Amino acid sequence: MAKSSAFSDWANKHRKWLFASPAMIFVGLLIIFPLAWTIYLSLTDSRGSVRAPSEFIGLGNYLTVLSDTDRFWPAVGRTAYFTVTALAVEMVLGMIIALLLWRPFRGEKWVRVAILLPLVATPVAVGMMWRLIFDPNMGFANQMLSWVGIPAQPWLSGQATALPTTIFMDIWQWTPMVVLILLAGLTSLSDEPDEAARVDGANAWQRFFFVTLPLMMPTVIVAILLRSIDALKTFDILYATKGKGGGSFHEVETLNVYAYGLSFDYNEYGLSSAVLILFFLIIIGFMWVLTRRRKGNN
């Protein structure tokens, strides 16, 4: 009876872990097994088929990838450019829209529903929709430019314009997500600091930069963390609009598109696994930096 009572006391004390442990173990296995298998493939010369005989080559794939100045490093640059540009614009627009929706106004529910509509569609559907809009021959975008006397633009078909155009698509779809996060943070703020600054004579800009924004920094860091990780992994829109290789000249080929091409176009599973592991390390490093920054703001 003593042993049973001791076990019951221990189980009661740690019940939250006991109830959560089955789900945690299941999720852990879902993460650990694919990661371990990818690491294994990255250390072999696997190609053609994952079931085909392969040899252990150590870090050979990593050295090959890191020395690839034609595809890998340009893909790294495009990934960074896509993420930083999309994130910067989404954060600025998200904050502006969240501030506009912060105070109650007539018809605010309908406005919020309209703003959130882009989140309803899947990224592939969004990519196909904008592909039709930006079609150089019959797209609505060039028709609008012709109305004001501006020459037609290549949009997705141009080497210099393809990546900025896909960034615009990402901004259109995911800015509402940033708005939701920032609006939740704004509604949780107390009115007292803003009222005190107003009494002291601070104008709207001063109240925002010296009162609201510092109080919002933990929420802003969360929005940056979630959105940046998602932007780094963007694949659907890029592949739906430009197809294999990110276009004929790899103009929108990010690390995700590059790894996909190595796996499913060239069946270079060892090389693609090495790219994915390097990409995974980049994301982990980025998460670590943002997490440290968030702790510093708390």
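Biologist: Does Phe 264 count as buried or exposed?

Modeller: Relative accessible area decides: buried means under 20%, exposed over 50% and partly exposed in between, with a 1.4 Å probe and protein chains only. Phe 264 has a relative accessibility of 57%, so it counts as exposed. The model is predicted, so local features need pLDDT of at least 70 and side-chain atom pairs count only at pLDDT 80 or more, whereas totals for chains, interfaces and linings use all residues. Residues are numbered from 1 along each chain as its sequence is written, and side-chain values use heavy atoms, with hydrogens and water left out.

Biologist: How many aromatic pairs are counted, and what is the geometry of Tyr 239 and Tyr 260?

Modeller: A pair of aromatic rings is described by the distance of the centres and the angle of the planes. Rings of Phe, Tyr and Trp (its six-membered ring) pair if their centres lie within 6.5 Å; planes under 30 degrees apart are stacked, over 60 edge-to-face, and the rest tilted. The count comes to 15 aromatic pairs. Tyr 239 and Tyr 260 form an edge-to-face pair, because their planes meet at 65°, with the ring centres 5.1 Å apart. This pair links distant parts of the chain, as Tyr 239 belongs to helix H11 (residues 236-242) and Tyr 260 to helix H12, 21 residues apart. Helices here are DSSP runs (H or I, at least four residues), numbered from the N terminus. Tyr 239 is partly exposed at 26% relative accessible area, and Tyr 260 is partly exposed at 27%. Tyr 260 also pairs with Phe 264 in a tilted arrangement, 4.8 Å centre to centre with 40° between the planes. Both residues lie in helix H12, four residues apart, about one turn of the helix.

Biologist: Which residues do ring pairs link into a cluster?

Modeller: The cluster consists of Trp 130, Phe 134, Trp 155, Phe 168 and Trp 172.

Biologist: Which residues have the most contacts inside the largest nonpolar core?

Modeller: A nonpolar core is a set of buried Ala, Val, Leu, Ile, Met, Phe, Trp, Tyr and Cys residues joined through side-chain atoms within 4.5 Å. In the largest one, of 41 residues, Phe 72, Met 91, Leu 182, Val 220 and Val 275 have the most contacts. At least two residues each come from helices H3 (60-66), H4 (72-102), H8 (162-187), H10 (204-232), H12 (255-265) and H13 (269-297). H10 supplies the largest share, ten residues. Another core of nine residues lies apart from it and includes Ala 86, Leu 163, Ile 167 and Leu 238.

Biologist: With which residues is Gly 48 in contact, beyond its neighbours within four places in sequence?

Modeller: Contact means heavy atoms within 4.5 Å. Gly 48, in the loop between helix H2 (15-42) and H3, is in contact with Asn 267 and Tyr 269 beyond those neighbours. Gly 48 and Tyr 269 are 221 residues apart in sequence, yet 7.7 Å apart in space, C-alpha to C-alpha.
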